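Trainee: I'd like to get my bearings here. Can we go through the terms as we look?

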Amino acid sequence: MHHPLVYVLVAAGSLTLALGNHVDAGVIFGVVVLNAIAGFVQEAKAEAALEALRSLVRTEARVRRDGDLRTVPSTELVPGDVVLVEAGDKVPADLRLVAVGDVQVDESLLTGESMPVSKAEVVLPMATPVNDRSNMLYSSTLVTKGRGTGVVVATGAETEVGEIHRLVGSADELATPLTRKLARFSTILTAVILGLAALTFAVGMIRGEGAAAMVGAAVALAVGAIPEGLPAAMTITLAIGVTRMARRRAVVRRMPAVETLGSTTVICSDKTGTLTENQMTVQAVWTPGRTYEVTGIGYRPDGVLLGTNHTPANTKEDHALEWTVTVSAACNDAHLSMAGERWEVTGDPTEGALLVLASKAGFDTTEWAARFPREATVPFSSESQCMATVHGAGDRRLLLVKGAAERLVALCSFQMQTDGSRAPLDEAAVLQAADALAGNGFRVLATAVGTMRRSELFDVGQRHGDLALTGLVGMLDPPRPEAIAAVQTCHRAGIDVKMITGDHPTTATVVAERMGIGKPGDSGALTGAELAELATWEFPAAVERSSVFARVTPEQKLRLVQGLQSRGHVVAMTGDGVNDAPALRQADIGVAMGKGGTEVAKDAADMILTDDDFATIEAAVEEGRGIFDNLTKFIAWTLPTNMGEGLAVLVAILLGTTLPLMPVQILWINMTTAVALGLMLAFEPKEVDVMERPPRDPGRPLLTGVLILRVLLMSAILVGGAMWLFHWERSSGAPIAEARTSALNFFVTTEAFYLFACRSLTRSVWQIGVLSNRWVLGGVALQALGQVAITYVPAFNSLFGTAPIGAGAWVRLLLVAAGSSVVVAFDKKIRRSIALRVR
């Protein structure tokens, strides 16, 4: 109900009711009610679809109270509780760690960092940023490794997640470009209608007409000039867009959001899980003397190792590669399993990626473990920076080690050659290879193998005389292939794509390059620290120049969106994490992920992608542009009728002649043609070049100068044709009812011809195909039946003041109506010629 055009309709209905015209008022109020019901029902359906996506899971916590360990609902935790967590647990509150056993936590939902973060029981300065607080566990994050004990320091709204909820609540929900344009259009239209109505009343009074008659004429003008069908057309057109998006796996919570994507000039996208797979993947292996490429992405074990000339590698031909794969799989505590159609990793994502590498290399983990059972494990820690396992193998035991390249270089004395022999370790070559991999955005792990006597212990603090480095493994969270194509399409459509992440700047830059994000002249990646140092006045320009933002906080994401909006951009924000929610709410349209997205992100968003596919954004942009085109076509089609009806009343008053149309006849024209003819434009297929145009200028008016001239042209044709036909029939001796019936049918027939012209604002109906929108043909046929009824059915004649007309009248009005189509087609051709010359 809160819409400027609805206010205009309510005011017109109230005035009509005050004059005692109950039928006319009932029709206007009926339009208002039907429009509200249609919008409510459609948005309720979208909310129900969203609700079906949600899976509410009750979180419990293990807490030590009165000396006993007990399990309680996380909602019952209070500050001061001592909570125990281990791998696989969801952290129930903000905890200050007091005891740590090699704890690693996935904080991607909060910080955007794709890699698990190691935790420790240390004292840190109060000013330490959230991303670097290694002594804290935060509510809603996931423990991936180890176990620990912490004291609850914050619950509910006081947690970091609660702070994000507060930011979501403080972010403004902005009007969409469509609602802003329609509000301005309605304001202008209201002023014009009131001005014309006042002019009509004043002229009539000056000419000596009665006040009651002139009030009726002014109301007739107002009813004729108000586009009663526009609110319903907007609602139905957007509802059709919602339905189309649902078929393409997108749930739209607020209908104008569909159109907003079509107006988008910038898409700010979270990296982890949106542009990337959120599944660590090994893509490169280096061994002394050789480098291998690993195909495939994600945890699905489909792919191969490619060696020289991109031919499949054989691990039996390179013993260093064979042992690198062996260490990756055997010195590993993760598990890879199939869940439905999706492969999942239990444990550390990095170790999961190593298991997938081993599977691609054909390594049989079960068979190897049976031959060489694990006897001991030295777990990974932030101090040692490596993990080691000891396996039984007769008198001497196998020692397998993996960890940071710098750490293993310090532990190894040898490096394994291709033939399996050992050579002195070339530290410079290994570190140079590790730096090269890191420079390409990879996280680098080194692997090593050695032997130990049964009486010997492995000391991670000193070099092991028998340990040989076998290779380096490079992994990253790979971009989604479909997202890369979607980014390219957005660029062709003139839309900037900006990546916002909590990851390291180097990783973010590499992913952005692989995605094709960025444009000439970009200032490079900006970090959260650099953003914090920017002055308020230079912040908007800086974020507009850069396409990659790394190590940013939720507050900075919110400022990024606000900064871009201050530069006149229509901003779409995509994301799936808790940290995305404030920016999702602030953006002109927020797009959350349905599968991997948090409930906080979904609640803050305008649209949810049920398949978590960034490529759906491309479809949404295309759909939104098509919807705006169709709404513009409807407005360009309906305004000449409304203006023509109003001007016909005004001209008749100015000339002192009988009104060519009665108010009830004007209502018939407005209501029946809006439904049978105008709404058929909502089903118009998208223009072929819809994704080849730049985004619409947000400041561009709803009707451009070209369309305004076309509206004025058609209004003149309608007024001139209707007045000529009315007076021709009267001068030929026809009763006033027949003359008005001819004028009524002329209006409707001309609208039907003009409808075909409005199917494309630039091309002719022959170019787009007469049969490409069969709804239009059906609507014209339905309207024709209605015109036959109002012209020849006695009940309609009595109700609407019409009368049957002869064949001669039909010929005259059809010729004039057809002539209007020729005029519009000629106008389009001239405009196209001018546009081509300008290009």
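This is a predicted model: local features need pLDDT of at least 70, side-chain atom pairs count only at pLDDT 80 or more; totals for chains, interfaces and linings use all residues.

Trainee: Which residues of H23 meet H27?

Mentor: Trp668, Thr672, Thr673 and Ala676 do, and among their partners in H27 are Gly779, Leu782 and Ile790. Helices are DSSP runs of H or I with at least four residues, strands are E runs of at least two, and both are numbered from the N terminus.

Trainee: Why are H23 and H27 called roughly antiparallel?

Mentor: Helix H23 (residues 663-676) and helix H27 (residues 774-792) pack at about 155 degrees, with axes 9 Å apart. Angles run from 0 to 180 degrees between N-to-C directions, along lines fitted to C-alpha atoms over the stretch in contact. Over 145 counts as roughly antiparallel (under 35 is roughly parallel, 65 to 115 roughly perpendicular, the rest oblique), so H23 and H27 are roughly antiparallel.

Trainee: What makes S8 and S23 edge strands?

Mentor: Two strands pair if DSSP finds at least two bridges between them. The open sheet has the order S8-S27-S26-S25-S9-S22-S24-S23. S8 (250-252) and S23 (526-527) each have a single partner strand, so one side of each is left without a neighbour in the sheet.

Trainee: How do you know that S26 and S27 pair?

Mentor: S26 (residues 589-593) and S27 (residues 607-609) have three bridges, in the parallel sense. Val591 stands opposite Met607 in S27.

Conventions: Residues are numbered from 1 along each chain as its sequence is written. Side-chain values use heavy atoms; hydrogens and water are left out. Contact means heavy atoms within 4.5 Å.
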